[in-house]
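Here is a short briefing on one protein chain. The sequence and structure come first, then the notes by topic.

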Amino acid sequence: MIYEMRRYECTPGNLKNLNELMEQLAVPVFKKVGMTFIGAWKPEVGDDENTLIYMLGYPKSWKAFYEDQEWITKRAELAKKYGGPIVARSTGIFLAPTTYSPLK
């Protein structure tokens, strides 16, 4: 299994919109295409108040996710609702488990 930690820095005031998109659309599609949603976090201390960090585990690529018709359709609908981009920057780190990691 490959693990990925993603960090999204939202445009000001849009963290609420990103959390809505994640909860109502992204997480269900992750599950539908065989990805394991491990969790999501927001920084507790510091100046990252517009940041969301989440982790996924999956045996294959993002191809199935990005080609999912529900993702394509509903993402376009939400983009209209939000009136523009909600994420200013995103980064991802791909992680492979060590031999002693409880997550394989």
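## Helix on sheet

Helix 1 lies across strand 1, strand 2, strand 3 and strand 4, and runs at about 10 degrees to strand 3. The model is predicted. The notes below cover the sheet, the helix, and two residues, Asn 14 and Ile 2.

- An open sheet is formed by 4 strands in the order 2-3-1-4, with antiparallel pairing.
- Strand 2 and strand 4 are the edge strands, and each pairs on one side only.
- Neighbouring strands are turned by 15 degrees against each other on average, direction ignored.
- Strand 1 and strand 3 pair over 8 bridges in the antiparallel sense.
- Glu 9 stands opposite Thr 51 in strand 3.

**Helix 1**

- Helix 1 covers residues 15-32, which is 18 residues.
- From first C-alpha to last, helix 1 reaches 24 Å, close to the expected 26 Å at 1.5 Å a residue.
- A bend of about 45 degrees sits at Met 22.
- Met 22 is also one of the buried residues of helix 1.
- Other buried residues of the helix include Leu 15, Leu 18, Leu 21, Leu 25, Val 29 and Phe 30.
- The buried list also includes Asn 17 and Glu 20.
- On the strand side, the buried residues of helix 1 pack against strand 1 (2-10), strand 2 (36-41), strand 3 (51-58) and strand 4 (87-95).
- Their packing partners also include helix 2 (63-67) and helix 3 (69-82).

- Asn 14 lies in the loop between strand 1 and helix 1.
- Asn 14 counts as buried because its relative accessibility is 12%, and the cut-off for buried is under 20%.
- Its side chain makes a polar contact with the side chain of Thr 11, at 2.7 Å.
- Leaving aside neighbours within four places in sequence, Asn 14 is in contact with Pro 85 and Ile 86.

**Ile 2, in strand 1**

- Ile 2 lies in strand 1.
- Ile 2 counts as partly exposed because its relative accessibility is 37%, between the 20% and 50% limits.
- Leaving aside neighbours within four places in sequence, Ile 2 is in contact with Leu 56, Gly 57, Tyr 58, Phe 94 and Leu 95.
- Ile 2 and Lys 104 are 102 residues apart along the chain, and their C-alpha atoms are separated by 8.4 Å.

Conventions: Residues numbered from 1 in each chain as written. Predicted model: local features only at pLDDT ≥ 70, side-chain atom pairs only at ≥ 80, totals over all residues. Heavy atoms only, no water. Expected span 1.5 Å × (residues − 1). Bend = angle between axes of the 7 residues up to and from the residue. Buried < 20%, exposed > 50% of the residue type's maximum accessible area, 1.4 Å probe, protein only. Contact = heavy atoms within 4.5 Å. Polar contact = N/O pair within 3.5 Å; in protein donor to acceptor, adjacent residues only side chain to side chain. Pairing = 2+ DSSP bridges. Axes fitted to C-alpha atoms, helices over the stretch in contact; angles between N-to-C directions.
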